[in-house]
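Subject: Handover of a structure and the findings from it

Dear colleague,

Please find below the structure that I am handing over to you.

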Amino acid sequence: MACSVATALPQQTFHQVSASPHQVMTRAPPPPAQPASHGVRLSDFEWIDDLGAGGFARVSKVRLRRTGAVFALKISYGAAYPGMEDEEAEVLRRAAGWPHVVTCHALLRGPFDEPVCVLEFMDAGCLGNVRTRRQGMGMGGIPEPALAEATAQCVIGLAQLHARGVAHLDVKPENFLANSRGEIKIGDFNTARILYGGAGGERPLAVPITAGTRCYFSPERFVPGACAGPHGAMDGDVWGLGITVLELFLGRFIVSPELSDAGLELVICHSGPLRVPEEAAASSELRSFVAACLQREPARRATVQQLLGHPFITRRDVQTSRRALREVIVDTL
C-alpha cells in the first residue's frame with residue numbers, strides 16, 4: 001500500500017531554541033537531516049480524527065499502532081503547478097531539523113500513488129483556530145506579550161525557510177501551527193517554491209507567485225502572470241506575515257476572504273494603508289513592525305532578517321512572553 005520511507009521519532013528531531021531570534025539565524029544552517037528508514041506503511045496507522053482539508057490536501061490525526069505515537073497524516077489530491085509534489089518533498093527535506101518548521105517524519109505513497117506526508121502533530125491546531133476560538137469566546141485578539149512571542153517564532157520559521165532558498169508563498173494564520181507547549185511552527189508547503197540552491201546550480205530562478213490565498217497576497221502578486229526571483233517571492237512572505245500579525249492582534253480578518261478578486265485587489269493595492277488602527281491600544285513597536293511588513297512597494301518592505309532585529313521581537317521579556325503565549329493557547333484548547 002505504501003513504500004518504505006525515511007522516518008524519525010519526535011523526540012529525535014525536536015530541538016529547543018534558547019538563543020535570541022537574531023542569534024539563531026546568524027549561525028550557519030544545519031545540513032538537511034537524513035533520518036533512518038523504518039519501512040513504515042499506511043496500514044501501520046489508525047485514524048483518530050479529521051483535522052481539515054484544503055484545495056490540494058486533507059489532513060487527519062492518526063496513531064502509529066506499534067508505538068501509540070500520534071501524527072498528522074496529510075494526503076494530497078491536487079497540484080497548484082506541475083511538479084508540486086516533488087517540490088514539497090524537497091522543501092521538507094531542506095527544512096528537516098529546524099525547530100520552527102513542522103517536522104516531516106515520513107513520506108509515503110497512497111493506494112492511488114498519491115503523496116502522503118506523516119507530520120508532527122501540533123495539538124493546538126493553527127493560529128487561525130486560536131484567533132477564531134478567542135473570537136467565539138468574546139476574548140478579542142491575542143494580547144501583545146503573547147503576540148510578540150508568537151511573532152518571534154513565526155519570523156524564525158520564515159527565516160529558516162528563506163535561508164534554505166525556499167519561499168512559502170502562502171503565509172497566513174492557518175499555516176502557523178501551535179502546540180500546548182507554546183511552540184509555533186510553519187507548515188503546509190503546497191505552494192512553496194525553491195528559488196536557489198538546487199542541483200542544477202546556484203543561479204536564482206523566477207517562479208510564478210500567483211498561487212496561494214489571495215486575501216494574504218501582497219500587491220505585486222495581483223499582476224497577471226506575476227513571477228519573481230528569490231527576493232521578490234520572499235517579499236511576498238513578509239506581507240503575509242504582516243497581515244497575520246495584524247489579524248491575531250485584532251482578532252478578526254483584515255481583508256475579507258469573501259471579497260471578489262476585484263474587491264481584494266482594490267483593498268490591498270489601492271485603498272488606504274493596512275495598519276494597526278489609530279484607536280487600538282497598541283505599542284509603537286507593534287505598529288512599527290506591522291508597518292514594516294505592509295509596505296506596498298516591495299523595495300521598502302522589511303526582510304525577515306531585518307525583522308529578526310525589530311524591537312517588537314528583541315525588546316520583549318522572553319520568559320513573560322512565552323508564558324503568556326502558552327496561556328493563550330491552552331485557554332483556547
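Helices (H or I, at least four residues) and strands (E, at least two) are taken here as DSSP runs, numbered from the N terminus. The model is a predicted one, in which local features need pLDDT of at least 70 and side-chain atom pairs count only at pLDDT 80 or more, while totals for chains, interfaces and linings use all residues. Residues are numbered from 1 along each chain as its sequence is written, and side-chain values use heavy atoms, with hydrogens and water left out.

Overall composition

The chain has 11 helices and 11 strands. Of its 333 residues, 50% are buried (buried means under 20% relative accessible area, exposed over 50%, and partly exposed in between, with a 1.4 Å probe and protein chains only). A contact means heavy atoms within 4.5 Å. Among the contacts in the chain with a separation of 6 or more, 69% are between residues 24 or more positions apart.

UniProt, in an unreviewed entry, places the feature "binding site" at Lys-74; UniProt positions are given in the numbering used here, feature names are shortened, and annotations may be inferred rather than shown by experiment. Lys-74 lies in strand 3 (residues 70-76) and is buried, at 4% relative accessibility. Not counting residues up to four places away in sequence, Lys-74 touches residues including Glu-88, Cys-117, Asp-188, Phe-189 and Asn-190.

Glu-88 belongs to helix 3 (residues 84-95) and is also buried, with a relative accessible area of 5%. Its contacts, leaving aside neighbours within four places in sequence, are Lys-74, Ser-76, Phe-189 and Asn-190.

Asp-188 sits in the loop between strand 8 (184-186) and strand 9 (193-194). This residue is partly exposed, at 31% relative accessibility, and has a positive phi near 60°. Asp-113, in the loop between strand 4 (104-109) and strand 5 (115-120), has a positive phi of about 65° although it is not a glycine. Most residues other than glycine have a negative phi.

Cysteines

The structure contains 0 disulfides, a disulfide being a pair of cysteine sulfur atoms within 2.5 Å. Cys-117 is buried, at 6% relative accessibility, whereas Cys-227 is partly exposed, at 48%.

Helix 6 (residues 230-250) and helix 8 (residues 284-293) pack at an angle of about 145°, with their axes 7 Å apart. Axes are lines fitted to C-alpha atoms, for helices over the stretch in contact, and angles run from 0 to 180 degrees between N-to-C directions. Val-238, Trp-239, Leu-241, Gly-242, Val-245, Leu-246 and Phe-249 in helix 6 meet Leu-286, Phe-289, Val-290 and Cys-293 in helix 8. By class, this contact has 10 nonpolar, 1 polar and no charged residues (Ala, Val, Leu, Ile, Met, Phe, Trp, Tyr, Cys and Pro count as nonpolar, Asp, Glu, Lys and Arg as charged, and the others, Gly among them, as polar).

Leu-307, in helix 9 (residues 304-308), is buried at 0% relative accessibility. Leaving aside neighbours within four places in sequence, its contacts include Val-238, Leu-241, Phe-289 and Cys-293.

Yours sincerely
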